Amino acid sequence: MIRALFSSATGMESQQMNLDVIANNLANVNTTGYKKSKIEFQDLLYQTTRTAGSEQGAGNQLPTGMQVGHGSRAVATSRIFTTGELTQTGEKLDIAVSGDGFFQVQMPDGSQAYTRDGAFKISSNGAIVTSDGLQVIGGFPPIPATTTAVTIALSGEISLTDSTGTTPAGRVTLTRFANPAGLEAMGKNLFKESPASGPPETGNPGENGFGQLQQGYLELSNVKVVEEMVKLIMAQRAYEVNSRAIQAADEMMQQSNNLRR
């Protein structure tokens with residue numbers, strides 16, 4: 001019964017963390033470029049009192065053993081990098097990646113971060129920046145104040161138009177990783193490289209498996225509200241049954257204590 005108390009407690013702790021992950025997914029259902037997370041569990045160690053296959057004499061073996069586990073624990077939260085729905089905004093610097101690839105962002109310390117959030121802006125000096133003022137690199141040119149139109153092709157080629165005409169201004173590049181699930185989330189819709197993600201690989205949009213760019217569109221979160229609600233109900237029920245197991249163990253212990261009366 002004591003074992004049941006602790007095993008059920010680990011189950012409740014696991015479901016609490018499961019609920020935290022689901023709640024974070026739901027909180028970011030309208031976050032541009034957000035990638036949902038899923039939690040993964042493992043069972044804990046087992047106490048073995050009889051080992052399967054052990055000799056019982058006269059050539060007989062135990063067909064099955066006796067093992068009792070000690071509960072569960074959360075071991076990983078992995079990102080799911082499926083592409084979210086694209087929504088049209090009409091803004092010239094709203095850019096979505098339709099397929100594989102990240103935009104590159106220059107951090108204040110000189111390192112690079114990566115994002116799927118293509119809601120870009122123009123800074124006071126003409127640089128393309130994120131909503132937090134971080135400069136977007138990877139082929140984005142400065143935009144002169146005299147520019148009247150910015151055109152970005154599916155292949156990433158940029159053309160600037162002013163009173164003198166239209167001129168090519170470079171080509172956007174994208175970055176991808178062998179294991180994007182290994183990227184470390186930094187908040188602010190940014191990820192950074194980790195040993196698990198592998199080194200960054202840079203390429204042109206629409207080539208060698210990289211996605212194409214969609215100007216005037218934003219990639220929405222890939223969170224599905226109905227799917228998360230189902231997970232929420234399942235987590236709530238799992239938490240409830242674990243608490244009932246604790247209650248049952250407590251009642252059994254109480255009955256044992258009352259045997260002397």
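At 1.5 Å a residue, the 33 residues of helix 2 should span 48 Å, and the end C-alpha atoms are 48 Å apart, so the two values agree. The expected span is 1.5 Å times one less than the number of residues in the helix.

This is a predicted model: local features need pLDDT of at least 70, side-chain atom pairs count only at pLDDT 80 or more, and totals for chains, interfaces and linings use all residues. Residues are numbered from 1 along each chain as its sequence is written, and side-chain values use heavy atoms, with hydrogens and water left out.

Stay on helix 2 and colour Glu228, Ala235, Asn242 and Ala249, which are buried. Buried means under 20% relative accessible area, exposed means over 50%, and partly exposed lies in between, with a 1.4 Å probe and protein chains only. The cover over these buried residues includes helix 1.

**Helix 1 and its packing**

Next, select helix 1 (residues 2-27). Helix 1 has 26 residues and reaches 38 Å from its first C-alpha to its last, close to the 38 Å expected at 1.5 Å a residue.

Display both helices together. Helix 1 passes helix 2 in a left-handed crossing, a term used if the near helix is turned anticlockwise from the far one by less than a right angle, with right-handed used if clockwise. The residues of this contact divide into 18 nonpolar, eight polar and two charged. Ala, Val, Leu, Ile, Met, Phe, Trp, Tyr, Cys and Pro count as nonpolar, Asp, Glu, Lys and Arg as charged, and the others, Gly among them, as polar.

Now highlight the buried residues of helix 1: Ser7, Ser8, Thr10, Gly11, Met12, Ser14, Gln15, Asn18, Val21, Ile22 and Asn25. They pack against strand 1 (37-43), strand 5 (66-69), strand 6 (72-79) and helix 2.

Centre the view on Ser14 of helix 1. Ser14 has a relative accessible area of 3% and is therefore buried. Leaving aside neighbours within four places in sequence, Ser14 is in contact (heavy atoms within 4.5 Å) with Phe41, Ser72, Arg73 and Ala74. The C-alpha atoms of Ser14 and Ser72 are separated by 6.9 Å, although the two residues are 58 apart along the chain.

**The loops around strand 4**

Move to Ala58, in the loop between strand 3 (55-57) and strand 4 (60-61). Its phi is near 55 degrees, a positive value in a residue other than glycine. Most residues other than glycine have a negative phi. Ala58 counts as exposed because its relative accessibility is 81%.

The loop between strand 4 and strand 5 holds Leu62. Is Leu62 buried or exposed? Leu62 is buried, with a relative accessible area of 12%. Apart from neighbours within four places in sequence, Leu62 is in contact with Arg50, Thr51, Ala52, Gly53, Ser54 and Gln56. Thr64 is also placed in the loop between strand 4 and strand 5, but Thr64 is exposed at 55%. The C-alpha atoms of Thr64 and Gly53, eleven residues apart along the chain, are separated by 6.9 Å.

**Two further loops**

Select Thr130, in the loop between strand 12 (128-129) and strand 13 (136-137). With a relative accessibility of 11%, Thr130 counts as buried. Not counting residues up to four places away in sequence, Thr130 touches Val105, Phe120, Lys121 and Val136.

Finish at Asn208, in the loop between strand 20 (201-203) and strand 21 (212-215). The phi of Asn208 is near 55 degrees, a positive value in a residue other than glycine. Asn208 counts as exposed, its relative accessibility being 66%.

Key:
Helix = DSSP H or I, 4+ residues; strand = E, 2+ residues; numbered from the N terminus.
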